[in-house]
Amino acid sequence: MYGMGFDHSFGLWFMARWLKPDLMIESGAFKGHSTWVLRQAMPETWIISLSPRHPENVDWGSVLMKRGISDLSQVLVFFDDHQNELKRLKQALTAGFQHLILRITTILDLEIIIP
Ligand SMILES: C[S@@+](CC[C@H](N)C(=O)[O-])C[C@H]1O[C@@H](n2cnc3c(N)ncnc32)[C@H](O)[C@@H]1O
């Protein structure tokens, strides 16, 4: 299964509503279900959705400046891209992001949340 089920969808929706970020970044959109969930949670908030065609090394400083975001605690990052989760965690923390949700689709179908 590629897309999220009800449990992870609700979790993502709830955390987005709870955090009320100024920007949401998603890596791994597939057919757009999680993008839709983020949109339902925060109808007016910008979403940056990354696909495998985007470069690995994004200049987040200029991306955030373009959107007028200076406080990284106002950004929610959601990973659901089948990449190495430890690598993603390190990349996100190195870039200064603080609110991370990593969806890990193993046999256990875990969700790790750093609120
Ligand atoms: C589990 S699916 C995403 C499911 C989606 N979040 C949903 O709710 O339906 C994983 C997606 O990650 C994408 N992907 C693979 N490598 C990627 C990368 N390096 N960067 C971003 N997305 C990637 C795949 O194309 C695939 O669409």
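The expected span of a helix is 1.5 Å times one less than its number of residues. The structure shown is a predicted model, in which local features need pLDDT of at least 70 and side-chain atom pairs count only at pLDDT 80 or more, while totals for chains, interfaces and linings use all residues. Residues are numbered from 1 along each chain as its sequence is written.

Figure 1. Helices (H or I, at least four residues) and strands (E, at least two) are DSSP runs, numbered from the N terminus. At 1.5 Å a residue, the 14 residues of H1 should span 20 Å, and the C-alpha atoms at its ends are 20 Å apart, which agrees. A residue is buried if 20 or more other C-beta atoms lie within 10 Å of its own, exposed if 12 or fewer, and partly exposed in between, with C-beta atoms placed from the backbone. His8, Leu12 and Ala16 are the buried residues named in H1. They cover an arc of only 65° around the axis (taken from the directions from the helix axis to the C-beta atoms), which puts them on the same side of H1. On the other side of H1, Phe6, Asp7, Phe10, Phe14, Arg17 and Trp18 are exposed. Just after H1, Lys20 has a positive phi of about 50°.

**Figure 2. The largest nonpolar core.** A nonpolar core is a set of buried Ala, Val, Leu, Ile, Met, Phe, Trp, Tyr and Cys residues joined through C-beta atoms within 7 Å. The largest one holds 16 residues, of which Leu12, Ala16, Met24, Leu38, Leu76, Val77 and Phe78 touch the most other members. Two or more residues each come from helix H1 (6–19), strand S1 (23–27), helix H2 (33–41), strand S3 (75–79) and strand S4 (99–104). S3 gives the largest share, five residues. Two residues are in contact if their C-beta atoms, placed from the backbone, lie within 7 Å. Leaving aside neighbours within four places in sequence, Phe78 is in contact with Leu12, Met24, Glu26, Ser34 and Ile101.

**Figure 3. Ser49 in strand S2.** Ser49 belongs to strand S2 (residues 46–50). With 16 C-beta neighbours inside 10 Å, Ser49 counts as partly exposed. Not counting residues up to four places away in sequence, Ser49 touches Glu26, Ala29 and Thr35. Between the C-alpha atoms of Ser49 and Met24, which are 25 residues apart along the chain, the separation is 8.3 Å.
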